[in-house]
Amino acid sequence: MKPPSFPGWVLSLAALACAVGASTASAAELELQGNRLVVSGTLDGSAIKEFNERLGSGTVRTVVFEDSFGGTAEAAGAFADAIRASGVQTEVRGQCMAACAYAFLAGKTHRFGYGLQVNGIMLPVAARPTAAELAVRWRGDEAHKTLADFTPAPAPAAATVTTAASSATQAQAMPMEANAPAPKDNWQPEHGVLFTASPSLFGRIYNTYYCDGTQGRDFSKCERLPDADPYKLGVLTP
C-alpha cells in the first residue's frame with residue numbers, strides 16, 4: 001500500500017472532526033437490516049434490553065455501529081457481554097467513540113465497513129500507552145479488562161466485628177460518605193487512541209493517533225503514532 005500522504009491524513013481528521021461536531025447526544029437506536037443490526041447514537045444503556053432480545057433471536061450475524069459517539073463504561077460492558085455471548089461479528093461504519101469502541105472489540109471478528117466514508121474508532125485510555133502496551137491492550141479479553149480503568153472499584157464489604165475506636169471513626173466518617181458524589185465514569189470521549197481509515201485511489205489509508213484530550217474536536221492536533229497498524233494491534237481483524 002502506498003504510504004499515506006500529508007493531505008490524506010489531514011483530510012481524514014478533518015472529516016472525522018466534522019462528523020463528531022455534527023453529532024448529537026441522542027440515545028442509542030437499533031435498526032434491523034436483514035441479518036445486520038445497526039446501532040447508532042449514545043450507548044447509555046437505554047437500548048440494552050432490546051439489544052439482548054435482538055441478539056437472542058439468533059437472526060443477527062453482524063452488529064454494525066454507525067456514528068456512535070460515546071456512552072458509559074457500564075453500558076459498554078453490557079453491550080460487549082451480549083456481543084461476546086452471542087458470537088456475532090461487529091463492524092464500524094462512520095465513527096465509533098469510547099463506549100462504542102469497547103463494545104465493537106467484543107465481536108468474533110471486528111472490521112471497518114466498506115464504502116466512501118471515513119471510518120474512525122476512538123479507544124479511550126487513562127494515559128498514553130507505551131509501544132508494548134499497544135501490542136496487547138486490545139486483544140481478546142485484555143480489551144474487556146481495560147474497562148476497569150474507567151469504572152470505580154466496588155466498595156469493600158463492611159466488617160462484621162468492630163472495636164469501639166473503629167465505631168467512633170466510622171460514625172465521624174458517615175456524614176462525609178453520605179454527602180459524597182456518586183462515582184462516575186472518568187473517561188473523556190476525546191482522550192484516547194484514534195484509528196482512522198480513509199478511501200483513496202490506492203485503497204484505504206490507515207492512520208493511528210494519540211489524542212490527549214486538549215485538542216477538543218480538532219483531531220488534526222493529535223500525535224500521529226508510528227508502527228501502530230490496527231490489524232497488528234488486534235483492533236481490526238482480517
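Predicted model: local features only at pLDDT ≥ 70, side-chain atom pairs only at ≥ 80, totals over all residues.

Q: In which sense do S1 and S2 pair, and over how many bridges?
A: Strand S1 covers residues 29-33. S1 and S2 pair in the antiparallel sense, over 5 bridges.

Q: And what is the bridge partner of Gln33 in S2?
A: That's Arg36.

Q: How many residues sit between S1 and S2 in the hairpin?
A: There are 2 residues between them. Gly34 is in the turn, and Gly34 has a positive phi of about 65 degrees.

Q: What about S2 and S3, parallel or antiparallel?
A: S2 and S3 pair in the parallel sense, over 4 bridges. Here Leu37 stands opposite Val63 in S3.

Q: Is Thr62 buried or exposed?
A: Thr62 counts as buried, at 9% relative accessibility.

Q: Arg36 and Glu91 both came up there. What do Arg36 and Glu91 form?
A: A salt bridge, with the closest N and O atoms 2.8 Å apart. Arg36 lies in strand S2 (residues 36-40) and Glu91 in strand S4 (residues 89-97), so the pair ties together parts that are 55 residues apart in sequence.

Q: Why do such side chains pair at all?
A: Side chains of opposite charge can pair when their charged atoms come close.

Q: Is Glu91 buried or exposed? And what about Arg36?
A: Glu91 is buried, with a relative accessible area of 14%. Arg36 is partly exposed, at 25%.

Q: How many salt bridges by this rule?
A: The count comes to 6 salt bridges. One of them joins Glu66 and Arg93, with the closest N and O atoms 3.3 Å apart.

Q: Where do Glu66 and Arg93 lie?
A: Glu66 is in strand S3 (residues 62-68) and Arg93 is in strand S4, so this pair ties together parts that are 27 residues apart in sequence. Glu66 is partly exposed, with a relative accessible area of 27%.

Q: And how far apart are N and O in the bridge of Asp218 and Lys221?
A: The distance is 4.0 Å, N to O. Lys221 is exposed, at 62% relative accessible area. Asp218 is partly exposed, at 32%.

Q: Switching to helices. At what angle do H2 and H3 pack?
A: About 5 degrees, with the axes 10 Å apart. H2 spans residues 48-56 and H3 spans residues 73-86. That angle makes H2 roughly parallel to H3.

Q: Which residues meet there?
A: From H2 there are Ile48, Phe51, Asn52 and Leu55. They meet Ala78, Phe79, Ala82, Ile83 and Ser86 in H3.

Q: New topic: Gln117. Where is it?
A: Gln117 is in the loop between strand S5 (110-112) and strand S6 (119-124). Gln117 is partly exposed, with a relative accessible area of 24%.

Q: What does Gln117 touch?
A: Not counting residues up to four places away in sequence, Gln117 touches Arg93, Gly94, Ala197, Pro199 and Arg204. Arg93 is also the salt-bridge partner of Glu66.

Q: How far is the C-alpha of Gln117 from that of Ala197?
A: The two C-alpha atoms are separated by 8.7 Å. Along the chain, Gln117 and Ala197 are 80 residues apart.

Q: Zooming out, how many helices and strands are there in the protein?
A: There are 7 helices and 9 strands.

Q: How much of the protein counts as buried?
A: Of the 238 residues, 42% count as buried.

Q: And what share of the contacts comes from residues 24 or more positions apart?
A: Such residues account for 66% of the contacts with a separation of 6 or more.

Methods: Residues numbered from 1 in each chain as written. Heavy atoms only, no water. Axes fitted to C-alpha atoms, helices over the stretch in contact; angles between N-to-C directions. Parallel < 35°, antiparallel > 145°, perpendicular 65-115°, else oblique. Contact = heavy atoms within 4.5 Å. Salt bridge = Lys/Arg side-chain N within 4 Å of Asp/Glu carboxyl O. Buried < 20%, exposed > 50% of the residue type's maximum accessible area, 1.4 Å probe, protein only. Pairing = 2+ DSSP bridges.
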